[in-house]
Amino acid sequence: MITVRITKHYRAVPLDTARLRTLVKAVCERFEVREAVVSIGIVNDAEMAEFNMRFLRHEGTTDCLSFDLSDRLEDARLFDLIVNAELAAREAARRGHCVDAELALYVTHGLLHNLGFDDATAAQAGKMHRMEDEILHHLGYGWVYNTDARSR
């Protein structure tokens with residue numbers, strides 16, 4: 001069973017929590033994760049900057065932080081994601097899609113990190129972003145990361 005817990009610290013952006021839960025479950029199922037608890041914290045720039053400094057020692061805000069807190073001896077997975085809704089609103093406006101799609105991108109990105117994807121090199125990033133778009137397009141969000149893919 002996949003359990004999704006969403007905590008909204010930043011409420012200025014409307015959020016379709018049911019659709020976000022569907023997204024998390026679809027990503028988990030796609031990668032054959034059958035038992036998981038996924039906690040998602042929705043925060044603003046200031047909170048994200050605090051978390052970014054506390055956990056990664058990086059200054060400033062970012063889109064997503066993800067943590068795999070799973071016990072490797074058990075089958076169940078435990079993922080914590082923190083996503084920045086304030087940044088998502090700005091990026092969605094700049095890139096011409098809805099805030100839900102941008103937040104879905106951040107959640108998908110964090111989950112993929114927890115499932116073994118990386119974006120440290122250009123090749124890894126390309127593979128990861130193609131997977132994000134494939135998942136998001138399949139779930140009705142459209143081509144969110146690579147907007148050039150809209151012509152596919």
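This is a predicted model: local features need pLDDT of at least 70, side-chain atom pairs count only at pLDDT 80 or more; totals for chains, interfaces and linings use all residues.
View 1. The setting is the pairing of strand S1 (residues 2–8) with S2, which runs in the parallel sense and spans seven bridges.

View 2. Strand S2 covers residues 36–43. Six of its eight residues are buried, that is, under 20% relative accessible area, so the rest of the structure largely encloses this strand. In a regular strand, side chains alternate between the two faces of the sheet.

**View 3. The order of the elements.** Five helices and four strands make up the secondary structure of the protein. Read from the N terminus, the elements follow the order β-α-β-α-β-β-α-α-α. The radius of gyration is 15 Å, close to the 15 Å that the globule rule gives for 152 residues, so the protein is as compact as a globular protein of that length. Along the principal axes, the C-alpha atoms fill a box of roughly 45 × 35 × 35 Å.

**View 4. Contacts and burial in the protein.** Of the 152 residues, 43% count as buried. Among contacts between residues at least 6 apart in sequence, 57% join residues at least 24 apart.

**View 5. The surface and the charged side chains.** The accessible surface of the protein amounts to about 8,200 Å², and carbon and sulfur atoms account for 49% of that area. The protein carries 19 positive and 24 negative side chains. The centres of these two sets lie 3 Å apart.

Note on methods
Residues are numbered from 1 along each chain as its sequence is written. Side-chain values use heavy atoms; hydrogens and water are left out. Helices (H or I, at least four residues) and strands (E, at least two) are DSSP runs, numbered from the N terminus. The radius of gyration is taken over C-alpha atoms; the globule rule is 2.2 Å times the number of residues to the power 0.38. Buried means under 20% relative accessible area, exposed over 50%, partly exposed in between (1.4 Å probe, protein chains only). Contact means heavy atoms within 4.5 Å. Accessible areas come from the Shrake-Rupley method with a 1.4 Å probe; for residues, only the protein chains shown count as cover. Lys and Arg count as positive and Asp and Glu as negative; His and the chain ends are not counted. The place of a charge is taken as NZ of Lys, CZ of Arg, CG of Asp or CD of Glu. Two strands pair if DSSP finds at least two bridges between them.
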